[in-house]
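Take a moment to look it over before reading on.

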Amino acid sequence: MPTHEQKPIHGDDEQFDPTHMIEMCAAQNSTGGAGGKFPIVLWGANNFSHLLPPGQWLVWDKACGAGPHSSFADTEFAWTTRKTPRSIFHHMWMGLLRGEDSTNTSKRAHPSQKPVELMLWCIETARIGLGKTILDPYMGSGSTGVAAVRTGRKFIGVEIDREYFDIACKRMSDEQAQFKMFSEEELGDQLMIANAELRGRPLADGPA
Ligand SMILES: C[S@@+](CC[C@H](N)C(=O)[O-])C[C@H]1O[C@@H](n2cnc3c(N)ncnc32)[C@H](O)[C@@H]1O
């Protein structure tokens, strides 16, 4: 039985074409006004930049300025339809050198697993409102879903590989179980705190 690291990822040997996703969101944009109703954040988009309309680039500095380490790249790039003054996220994630992944997974659940912290930053950078729905059509281990649950967004995930689908569901239900440990009043505070932290604002003493 191959490990996660050895198992080929579905679609990785093919050129990805994002046209269907962009067209779907552009159709929404025509009624959603400037800036778009459904913003897109597409990681790995530098591999198909020739298929993308003009947009903005986001950079994940995976080495926190220390540069590449052995064969691991020190950056990953995402393309987004959202205009934003923020473009760089620093979070160590190179081989065994990993910053916090706040789901406390002792080992990687997926070869392309993104840290939940990166997905929290994306939700904030793309300005996804509380209670809105996030779609990840290539869910993998479900890091986007964990970030959505944690910050009070709804989530739809699609994953073709049954093993990764089950891992993602487990990570999201573990995250939900964390929240159930708080009373409803405390949960409200918790969500506010998560969002205040993401916005870089000082935390208030209590709910507004
Ligand atoms: C780059 S990985 C996503 C990793 C994810 N961001 C994470 O943090 O774990 C892409 C995932 O898309 C899945 N996939 C590929 N083609 C798919 C398809 N047509 N429909 C649904 N999932 C697909 C693969 O099985 C793989 O797990």
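The largest nonpolar core holds 29 residues, and Leu42, Ala78, Met119, Cys122, Ile123 and Ala147 have the most contacts inside it. Such a core is a set of buried Ala, Val, Leu, Ile, Met, Phe, Trp, Tyr and Cys residues joined through C-beta atoms within 7 Å. Two or more residues come from each of β1 (41-43), β2 (56-61), β3 (75-80), α2 (116-125), α3 (143-150) and α4 (162-180). Of these, α2 gives the most, with seven residues. Helices (H or I, at least four residues) and strands (E, at least two) are DSSP runs, numbered from the N terminus.

This is a predicted model: local features need pLDDT of at least 70, side-chain atom pairs count only at pLDDT 80 or more, and totals for chains, interfaces and linings use all residues. Residues are numbered from 1 along each chain as its sequence is written.

Now turn to α3, where eight of its eight residues are buried (20 or more other C-beta atoms lie within 10 Å of a residue's own, with C-beta atoms placed from the backbone). One of them is Ala147. Leaving aside neighbours within four places in sequence, Ala147 is in contact (C-beta atoms, placed from the backbone, within 7 Å) with Val116, Met119, Leu120 and Ile123. Just after α3, Gly152 takes a positive phi of about 75 degrees.

Which residues are closest to the ligand? They are Ser112, Tyr138, Gly140, Ser141 and Ser143, among 16 that surround it (C-beta atom, placed from the backbone, within 6 Å). Ser143 is also one of the buried residues of α3.

Technical notes:
Buried ≥ 20, exposed ≤ 12 C-beta atoms within 10 Å, placed from the backbone. Contact = placed C-beta atoms within 7 Å.
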